[in-house]
Amino acid sequence: MENKNGTVVTEFILLGLTQSREIQLLVFVLILIFYLIILPGNFLIILTIRSDPGLTAPLYFFLGNLAFLDASYSFIVAPRMLVDFLSEKKVISYRGCITQLFFLHFLGGGEGLLLVVMAFDRYIAICRPLHYSTVMSPRACYVMLLALWLGGFIHSIIQVALILCLPFCGPNQLDNFFCDVPQVIKLACTDTFVVELLMVFNSGLMTLLCFLGLLASYAVILCRVHGSSSEGKSKAMSTCTTHIIVIFLMFGPGIFIYTRPFRAFPADKVVSLFHTVIFPLLNPVIYTLRNQEVKASMKKLFHQHIP
C-alpha cells in the first residue's frame with residue numbers, strides 16, 4: 001500500500017559483499033571465527049571494570065561504556081550478515097532497513113562523542129591535574145554520558161527523518177550487505193541533491209570535525225607529556241597512543257564514506273565491512289593490550305573464577 005510520501009517499496013534486496021559463492025563462504029568463516037573469539041572481549045572488559053574496586057577512575061568508567069557501545073554496535077550488522085551469507089535471497093524489510101540505519105548511527109554517533117569525552121578526560125588529567133577531581137566528578141561523568149547518548153540520538157534521528165521523507169517507488173536493490181544512508185538515498189524516486197548535502201553536513205562534517213578536534217587535543221596532550229619529567233609520563237603516552245589508534249580506526253572509514261558525494265567506489269564495501277563489523281571487535285584487543293591495569297585486573301578475575 002502506498003504511503004503518504006509516495007513510498008511503495010516494502011522491502012530491499014541486499015546484493016551482499018560479493019557475488020562469488022566461494023569468497024562468501026570464506027568471508028563467512030573468517031567473520032564468524034573473528035566474531036565469536038573477540039566479541040566476548042567487550043563483555044570481559046565490562047565485567048572486569050565493574051568487579052574491580054581499583055578501576056573506578058573516570059577513564060575506566062568511560063572505557064566500560066565504550067565496550068558496551070562496541071558490543072551493541074557489533075550486533076547491528078554482523079549477525080544478519082552471517083545469516084545472509086547462507087541465504088540465496090538477501091531481503092530486508094523497509095522498516096527493518098530504517099531500524100538498522102537508526103541504530104547504526106545512534107550507537108556510532110554516541111561512540112564518536114564518547115571518544116571526544118575520553119580525550120577531554122585525558123586533557124584534564126594531564127594538563128590540569130589539580131582540577132581533575134572537581135571537573136571529572138562522578139556527577140559530571142554521568143552528565144557527559146547522558147549528553148553523548150542524547151547527541152547520538154539526535155544525530156541518528158535526523159538521518160532517519162531525512163530518509164523517511166524520500167519516496168521509494170521503483171528499484172529496491174541495495175548494492176551492499178546492510179542498510180546505510182549512501183545506498184538507500186540512491187534508490188529514492190526524486191532529486192536527492194539537497195538531502196545529500198544535509199546528510200554530508202550531518203554525518204560527514206561532524207565526523208571530520210570530531211576527528212580533527214581529537215587529533216588536535218591529543219597533539220597538545222602529547223606535547224605536554226613529552227616536555228614533562230613525571231613518573232606517569234610512560235603511562236600517559238601509552239594511554240594517549242591507544243586512543244589515537246582507536247580514533248584513526250573509527251573516524252578514517254567514516255570520513256571516507258560520509259564526507260564525499262554519494263558515489264560508489266570499489267573500496268566502499270571493504271571499508272564498510274571494516275567500519276561495521278571488524279572495528280567494533282578490535283577495541284577490546286587494543287585496550288587490553290595497551291592498558292596494564294585492565295590486563296592485571298583481567299588476570300586477577302580469571303584466577304578467582306578458574307581454580
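## A pocket in the model

A pocket is an open set of grid points where a 1.4 Å probe fits, with protein on both sides within 12 Å along at least five of seven lines. The structure described here is a predicted model. Its second largest pocket has a volume of about 230 Å³.

Two elements each give two or more residues to the lining of this pocket: helix 1 (21-51) and helix 2 (58-85). Helix 2 gives the most, with four residues.

## Residues of the lining

The second largest pocket is lined by Ile46, Ile49, Arg50, Leu55, Thr56, Tyr60, Phe61, Gly64, Asn65 and Tyr142. By type, the lining residues of this pocket divide into six nonpolar, three polar and one charged.

Helix 7 covers residues 193-226 and includes Leu198. Ile221 also belongs to helix 7. Leu198 counts as partly exposed because its relative accessibility is 40%, which falls between the limits of 20% and 50%. Ile221 has a relative accessibility of 0% and therefore counts as buried, the limit for that class being under 20%.

## Partners from elsewhere in the chain

Leu198 and Leu162 are 36 residues apart along the chain, and their C-alpha atoms are separated by 8.4 Å. For Ile221 and Ala119, 102 residues apart along the chain, the C-alpha separation is 9.2 Å.

Which residues is Ile221 in contact with, leaving aside its neighbours within four places in sequence? They are Ala119, Arg122, Tyr123, Ile126, Cys127 and Cys240.

Technical notes
Residues numbered from 1 in each chain as written. Predicted model: local features only at pLDDT ≥ 70, side-chain atom pairs only at ≥ 80, totals over all residues. Heavy atoms only, no water. Buried < 20%, exposed > 50% of the residue type's maximum accessible area, 1.4 Å probe, protein only. 1 Å grid on protein atoms, 1.4 Å probe; cavity = no way out; pocket = protein on both sides within 12 Å on 5 of 7 lines; lining within 4 Å. Points joined across faces, edges and corners; volume = space filled by probe spheres on them. Nonpolar A, V, L, I, M, F, W, Y, C, P; charged D, E, K, R; others polar. Contact = heavy atoms within 4.5 Å.
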